[in-house]
Amino acid sequence: MENFELKIRKQAARSNMACGTRVFPVVHCQFRSARHVALVLLGSLIPCAATFSDEAGDRDEVQPPLAGRPAEFSGAIGSHFDVQMRAAPVRLQAEDPLLLTVIITGTGDLQAIRRPNLRRLHRFAEQFHIDNLEERRVPAKNACEFDYRLRPRAAAVREIPPLPFVFFNPKILPHEKGYQTTLAKAIPLTVQPREKVSPGRVEGKTPMLEAPDSVYQLVEGSMVLRRESPFGLPGPLELGALLLGPPMLGGFWYIVWRQRNPDAVSQARKRRSRAAQHALKALHRLDKLDALAQAHQAEAVMASYLRQRLDLLTAEPTPTEVARHLEQSGSSPALAQEGARFFAECDAARFAPGLMARADNWTETATRLVLALEEESWPS
Amino acid sequence: MGPLLLAISLLPKTVADAELLRQAETLFSAGTAVRDKPDKARPLFQRVASCYEELRQRGAHNPELYRSQGNAYLLAADLPRAILAYQRGLRLDPGDPSLWANLTYARTQVARPGPRDLGRLTEASVPLWLPHLSLHQRLLFFFCTYSLGWLGIIRWWMLRRTAALAVGVLGFSLATLLAGSLTLALWSERQQSLHPLVVIAQDRVPLRKGNGVLYPPRWETPLNSGVEARLQFERGDWLQIELAGGQTGWVPRAAVLLDAP
């Protein structure tokens, strides 16, 4: 039992040496023999003692288990590792570079140690721009060194934060509890804001702008002093008045026009008759013809109008047929007679031009007749 | 900014606007005469720009002032302020071809490194050869064509003449177009008031994901002076901006010029 105690004490002393900076002990409580029970009991009195196996000895060839392996595991296997950092310069401006060297010393296989990835460490990544530089193995010192170029992102950076280093200690049982973390001490920094570059330091070195001619022109005169007011829509009342004004003005105009032109109103209503519209348009086109042609064409237009408007069946009606049809349709006798007279005069002009009583404007007569017929109140 | 304020402070407060304008024109002529010697010409152009800035602060507000001020800033190699002045002028007169030409030239001077076209802007949405109407003119023409439309329709109702109907339809069509254009312009003006122009005033300003230096840059490519953006939010000394391509991020207020009233 004394031998065991001595061994445990030796291992504890060795372990404390390994904890050169800080070591997080792993408590192991698995009893495999009476001797082991004693070992654990004793371990409760001696810090770290119970974490070591009395069987594992100094065997470093144990492979680190996947179970419990931290993401930051460096690949280092051994019972003792020490991590230190060295930085220069420690007084600098924001964004200026500094050289950081991470030195790892230990008893295990140094070749297996991977470069600590500072970019994955939040406190490093948020405060520094990080470039990886060279790495060195120094067998004489049993150490490996990793260089980094760090650039503080802002003047608020106060230190290079502590660097955690995770290694595997094969002497700790069970092995999944063998991962230990040691920290390199933080390095205080003095970071100052960057100096502002004054225009005077760079003026004159850059060539003159080759600007287009329009840039070398000024607008001269008092118009440059003008004060343009920003655009604004009129208020709701003004806007309403402006929007309602034109239709109200138009309505007023229409009322006045109706009062002053009652005939025109009536004519306009009559013109809404489709047959009358066609007839009036056709008659309007006859103005340039001579009297004979006008008589012939006006008679045809009127016959067409009577066919469309009053269902006259005859293609070329005689004056008597016209008068009779108008009367049958409900026209006043006077208007019927006027219609018959128009057709009679047209016939006279066509077939006996020498006997033409008067050189009437046939178009005008026909137009009056159409309007008179449209004004007539026809039975429905 | 220091030389600018110094130059303004050296100007007597009692100088009348017209006298200040005359000084600016004289200094500009002097600067143009020595344009081949940048070390002599640039301070002169800077003073010209200061004169125009003083006039602006006294209330002058028109496209001609901003065109002249932009030219002076551009020749003084102050690219961000030149762009800001041109943009102020274009806000008053979006159809000014000289302002557009000079702004386009100024934009070509903005360094835009990297593969990403951060902050690259589109050109004028309306062809410059089209006649441009100010908002006042558009409103006036709207009421003219609107009235014409009503008169045409009412005349058609009186006489049933096709020509009157055509005049009415044409009047209402033009009025509708002008009303649409006016609405669009007013909406655009409102957007510009809600999201004022921001011009990056320093080189290599990272566009960060948050309002602090501890936030990482959104892209590796930083923004250079002269890049234009629109203000989205303000939080302390930080501004969230949106670039022309829709990219958003945060920049310190000290690194930008803000077109705030």
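The contact between the two chains takes 51 residues from chain B and 40 residues from chain A. Before I go on, please keep in mind that this is a predicted model.

So, how much area is buried between chain B and chain A? The figure is about 4600 Å², and carbon and sulfur atoms give 68% of it. On the chain B side, the residues that lose the most area to chain A are R35(B), R42(B) and M158(B). Together those three make up 14% of what that side buries.

Across the interface of chain B and chain A, the rule finds two salt bridges. In a salt bridge between the chains, the side chain of R226(A) meets that of E64(B), at 3.1 Å from N to O.

Helix 2 of chain B covers residues 17–33, and helix 3 of chain B covers residues 38–57. Their axes come within 8 Å and cross at roughly 160 degrees. Angles over 145 degrees count as roughly antiparallel, so that is what helix 2 of chain B is to helix 3 of chain B. The crossing is left-handed. By class, the residues of this contact are 13 nonpolar, three polar and three charged. Among them, L20(B), L27(B) and F28(B) come from helix 2 of chain B, and L44(B), V48(B) and Y52(B) from helix 3 of chain B.

Next, helix 3 of chain B also packs on helix 4 of chain B, residues 63–75, with axes that come within 8 Å and cross at roughly 150 degrees. That again makes the pair roughly antiparallel, and this crossing too is left-handed. This contact has 10 nonpolar, three polar and three charged residues.

Last, a pair in chain A. Helix 9 of chain A, residues 319–329, and helix 10 of chain A, residues 333–351, pack at an angle of about 160 degrees, with axes 8 Å apart. That makes them roughly antiparallel. Which hand does the crossing of helix 9 and helix 10 of chain A have? It is right-handed. The contact divides into 10 nonpolar, two polar and two charged residues. They include V322(A) and L326(A) from helix 9 of chain A, and L335(A) and F343(A) from helix 10 of chain A.

Conventions. Residues are numbered from 1 along each chain as its sequence is written. Chains are lettered from A and ligands numbered from 1 in the order in which they are written. This is a predicted model: local features need pLDDT of at least 70, side-chain atom pairs count only at pLDDT 80 or more; totals for chains, interfaces and linings use all residues. Side-chain values use heavy atoms; hydrogens and water are left out. Axes are lines fitted to C-alpha atoms, for helices over the stretch in contact, and angles run from 0 to 180 degrees between N-to-C directions. Helices (H or I, at least four residues) and strands (E, at least two) are DSSP runs, numbered from the N terminus. Angles under 35 degrees count as roughly parallel, over 145 as roughly antiparallel, 65 to 115 as roughly perpendicular and the rest as oblique. A crossing is left-handed if the near helix is turned anticlockwise from the far one by less than a right angle, and right-handed if clockwise. Contact means heavy atoms within 4.5 Å. Ala, Val, Leu, Ile, Met, Phe, Trp, Tyr, Cys and Pro count as nonpolar, Asp, Glu, Lys and Arg as charged, and the others, Gly among them, as polar. Buried area is the accessible area (1.4 Å probe) that two parts lose on being put together, summed over both. A salt bridge is a side-chain nitrogen of Lys or Arg within 4 Å of a carboxyl oxygen of Asp or Glu.
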